[in-house]
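Look at the model below and follow the text through it.

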Amino acid sequence: MAQTKQQILDKYKPKVEPTAPVESQRARTAAQGLTFGFADEVEAFIRSGFSDKQYDEIRDELRAKVTAYKKANPAEALTYELAGALVPSIALSMTGFGAPAGGANLMRTGKVLLGESAASAIGYSEGDLSASQGQLEALGNTAQGVGFGAVVEGGVRLTGPIFGKVINFVRKKFGDKADNAVQAELLRLVEETGKSVDEVIADVAEGRIMADNMTLVNSIKAMVNEGGLTKAEILASSAGRAASTRTAAQEELKGALAPQFQDPNVIRAMKQSDEQIKAQERKGYQEVFEGGAAVPASLQEQMLSVIQRMPQAADELVSIYRARNIVPLFKKADDGSIEFVRTPSLEDAEILRRTLKDISKGQFDAGRGTMGEIVSDLEKSLKTPIDAASPELASVRQQFATNSTARNAFNLARNKALTMNVDELSYIIEQMAPEALEAFRAGALDALNNQARKSGVMLRDLANEDKQIGAALRVILPPQQADSVLGAVGRAAEATQVAQRVRPEFGSPTQALQRQQEKMGSRVSAEDALRGSQGDMFSLIRILRDTIPSGKGLSDEQMLQVVKVLFGEDPTLVETALKDKRALGKLLRKAEAAVSTLATGARTGAVQQAAQPAGQ
């Protein structure tokens, strides 16, 4: 079910403090266009005659207000400024002076261009025109206005009405607002994904960018094939996205499978943990055995009986006591019987029990199951009275057994968790105690890390539940963290595949890729770029036509805007790019239809904008 815009925004829209509204400066902005940028000087001069403030102070205040208004309302400000600029152009057109045609009137056109450009450069300048730097700046802006006005003048004659195109081109000077062509291309890409705009925005809000969608690989690869800054931006963005999502997936996996370890090297962390556990065990046994407390008489008799029945156990005890340099517990009489030479302690009883357990295991390993069971029964018959005599010893031993089981579970997961039958894996996990399961998951993480070093497609397979490793992961993960981990793994898998497939060396152009390039449209040709740089007027006109937003293709700057949205992780940015239907766009389209014949109007507005210092 599609989410509403408000539902999507509720997920990610940050709470911001309201800012003070910027005072509207529509009239002053239009006046700037009408007077070629001199309106602030004129108003400051008049007001200074009726005020205690100086001319410079009033002028600077007016400029600050207009600048703040332009920054806060760039589209609206541009519309009013251009509207003001149309007034003198229309007046000139009515007289015939502002719209000269034919080769004989080129000189008159040049004078008009020079006059408009110089007036705009001086009027909009905020520098000190009495200084050489301010004069040079004004001369440069005048030249820029003349050149741009000449291109527009010729372009109008050869390519038809482009008033709206000129405005859109000028609008790019103002900065960060997405234009219609960029939005149209993005909406085309959204359509290719098979999702709605709201679904795409919701994906971004949940951490999945537009470029993660594999259905867009051919479109993105087509952009890479265009070369230039677009190619560099895509390759850098896709590689960065793959790296960041990979790191995020690794962190999610570690947080779910081995949160108890700070060290990313699971083996080292496990060994350090083992060493700490063993030290605790040794300390626990030492505390229990301190003082050498004797065991009950009934247990002493049972121990003596076991030693007499198990010569192998007696021999092992002799070896152990000798190695530990402990006073022997018993001796053999001449008739072969066993008798204690000292009263057995709790430690003696535990040493005998462990010896029996080791002998039992050895018998089973050697295939002598019957003997193994006999010795095992003897070991159990000792364990019960020992635990009764010392509950503290029973507790320490239980902790040792738990730790041993955990180590075994860790090793089992390292070696088999990712390859064993998934049903068997599920059954084993169900039977595990919490401590063993914790160690098992840590062992699985180590296996995953090892697999990642060997395989370049592990993330892809992990994201696929039909693959062995993907199915195993879904069984091993804690249920409460599975969705988060699998989401991160899926994003990393998609980002990695996209980064690989958009690279120039991956594959060769296909029909699908070629179709994507045709959909994008052709842009400035190398020939026009060369001739344009040499001053060829017709090439400059074609460059203008092909780089404006409503032209056939997209400019390099527009393609970079498309790429930034495709790889954008901010849902607010993506929603703005896909949904913002600016009123300015409608005004410009109406203006283009209504005044397409006003060549000089387009020229004047363009000249004023081009002749302004950068940043205004």
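A salt bridge is counted here when a side-chain nitrogen of Lys or Arg is within 4 Å of a carboxyl oxygen of Asp or Glu. By this rule the count comes to 28 salt bridges. The model is predicted: local features need pLDDT of at least 70, side-chain atom pairs count only at pLDDT 80 or more, and totals for chains, interfaces and linings use all residues. Residues are numbered from 1 along each chain as its sequence is written, and side-chain values use heavy atoms, with hydrogens and water left out.

The protein chain has 30 helices and 2 strands; helices (H or I, at least four residues) and strands (E, at least two) are DSSP runs numbered from the N terminus. Of its 616 residues, 43% are buried. Buried means under 20% relative accessible area, exposed means over 50%, and partly exposed lies in between (1.4 Å probe, protein chains only).

One of the salt bridges joins the side chains of Glu185 and Arg188, at 2.7 Å from N to O. The two residues are 3 apart in helix α9 (residues 180-193), so about one helical turn separates them. Glu185 counts as buried because its relative accessibility is 6%, and Arg188 counts as buried at 18%.

Arg342 and Asp348 also meet in a salt bridge, again with 2.7 Å from N to O. Arg342 is partly exposed, with a relative accessible area of 25%, whereas Asp348 is buried, with 4%.

Which residues of helix α14 are buried? They are Leu299, Met303, Val306 and Ile307. These residues cover an arc of only 95 degrees around the axis, so they are on the same side of α14; the arc is that of the directions from the helix axis to the C-beta atoms. The face of α14 turned away from the buried side carries the exposed residues Ala297, Ser298, Glu301 and Arg309.

Elsewhere, Phe50 is found in the loop between α3 (39-48) and α4 (55-72). Phe50 counts as exposed because its relative accessibility is 74%.
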